[in-house]
Amino acid sequence: MDQERHRHVFPLLHGRHSSHRHRQQPRERVPRAGTPPRVARLADVTPERRLHVVSGKGGTGKTTVAAALALALADEGRRTLLVEVEGRQGIAQLFETEALPYEERRIAIGPGGGEVYALAIDAERALLDYLQMFYKLGGAGRALRRIGAIDFATTIAPGLRDVLLTGKACEAARRRGPDGGFVYDAVVMDAPPTGRITRFLGVNHEIAGLARMGPIHHQAQAVMRVLKSAETAVHLVTLLEEMPVQETADGIAELRAAELPVGAVVVNMVRPPTPVQARAPADVDRDALAGSLRAAGLRDAERLVGPLLAEGAAQAERLALEAGQRAELADLGLPVRELPLLVDGADLAGLYRQARRLREHPW
């Protein structure tokens, strides 16, 4: 591996992100000159936000939301990078493509005509690049990998792993091309769950405190400057259920205490409104309901009354619970976006539908 290549891996450290491209810089950049104007483009509303970190309690669909947001931000002529840090290859599954390698590759065209690139950050590969760049351990680093030492280091030192992952995402958000413009208009990170997000993003602060000088110290400081700036927003995904909402509230409190910028709350899998108002069983005239069922031509109308009332009671309870959770989220003082439940699952078509809904709001 040549030295010039490795100087691009963590350019935040050298202050060179304004003039060099990463070795995997995407091809076929869409020209901006001919882009037709559009009212209230996402970038025009909040141009300072370039790194979008998406977290959420397990099971809330944060990876789906992150992918939809990357598509939404791929406006006319714009380019976004969708970053995966947990090694689950969830992005590849959503976009129905092969497993993502440790390189940036185009995977989709946004609903507004922009491009979406994706990257699965591999902590081992990132550490090898880091060792080569700062300690010139190219061959030795590869030997360490063969004997399992690199995997051992990133496993027993999760803080080191998180430094590498966050550093790579911040580098992509700040990288510029030869023309002086940003290579990516926005970077979306599919981040760890809510319970770990504050520590994941704040690990560089701890590392900077432990390493008082040298390249590790400067790298950690540079990353924290990006993460705590107006360029970054941490969005939390939740459901209209008590536990996810409470974990979201706790996560927001932790992020604020760590002085990390919180963006929006995304309520995912919202069920469609009922066509009729749900009522408690005590408020329903059982004889009148049975008569309506008979008039509709249903047999054994009296036997259907009980199950229907039970279903109505469950529906009324659910609506009351959701109303309470919406009130809890409103009290957090953050923008709240809602995405409907994808009845057919999070397939590619559903992903584009969610992206179009997200495009309706500033990010």
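Modeller: We will go through some labels and set each against its definition. This is a predicted model, in which local features need pLDDT of at least 70 and side-chain atom pairs count only at pLDDT 80 or more, while totals for chains, interfaces and linings use all residues. Residues are numbered from 1 along each chain as its sequence is written, and side-chain values use heavy atoms, with hydrogens and water left out.

Colleague: How many helices and strands does the protein have, and what makes a stretch count as one?

Modeller: There are 14 helices and eight strands in the protein. Both are DSSP runs numbered from the N terminus, a helix being H or I over at least four residues and a strand being E over at least two.

Colleague: Why is Tyr117 called buried?

Modeller: Buried means under 20% relative accessible area, exposed means over 50%, and partly exposed lies in between, using a 1.4 Å probe and protein chains only. Tyr117 has a relative accessible area of 4%, so the residue is buried, and Tyr184, with a value of 0%, is buried as well. In the protein, buried residues make up 50% of the 363 residues.

Colleague: What makes Tyr117 and Tyr184 an edge-to-face pair?

Modeller: Rings of Phe, Tyr and Trp (its six-membered ring) pair if their centres lie within 6.5 Å, and planes under 30 degrees apart count as stacked, over 60 as edge-to-face and the rest as tilted. One aromatic pair is counted by this rule. The ring centres of Tyr117 and Tyr184 are 6.2 Å apart and their planes stand at 65 degrees, so the pair is edge-to-face. The pair links distant parts of the chain, with Tyr117 in strand 4 and Tyr184 in the loop between helix 8 and strand 5, 67 residues apart.

Colleague: How do you know that Arg88 and Asp190 form a salt bridge?

Modeller: A salt bridge is a side-chain nitrogen of Lys or Arg within 4 Å of a carboxyl oxygen of Asp or Glu. For Arg88 and Asp190, the closest N and O atoms are 3.7 Å apart, and the pair forms a salt bridge. Arg88 lies in the loop between strand 2 and helix 4 and Asp190 in strand 5, so the pair ties together parts that are 102 residues apart in sequence. At 42% relative accessibility Arg88 counts as partly exposed, whereas Asp190, at 1%, is buried.

Colleague: Which residues are linked with Arg88 and Asp190 in a network of salt bridges?

Modeller: The network links Lys62 and Glu86 with Arg88 and Asp190. The structure holds 21 salt bridges, including one between Glu302 and Arg294, where the closest N and O atoms are 2.2 Å apart.

Colleague: What makes Arg50 count as a charge over the ring of Phe182?

Modeller: A charge sits over a ring if NZ of Lys or CZ of Arg is within 6 Å of the ring centre and within 35 degrees of the ring normal. Arg50 lies over the face of Phe182 at 3.5 Å from the ring centre, and Arg176 also lies over that face, at 3.9 Å from the centre.
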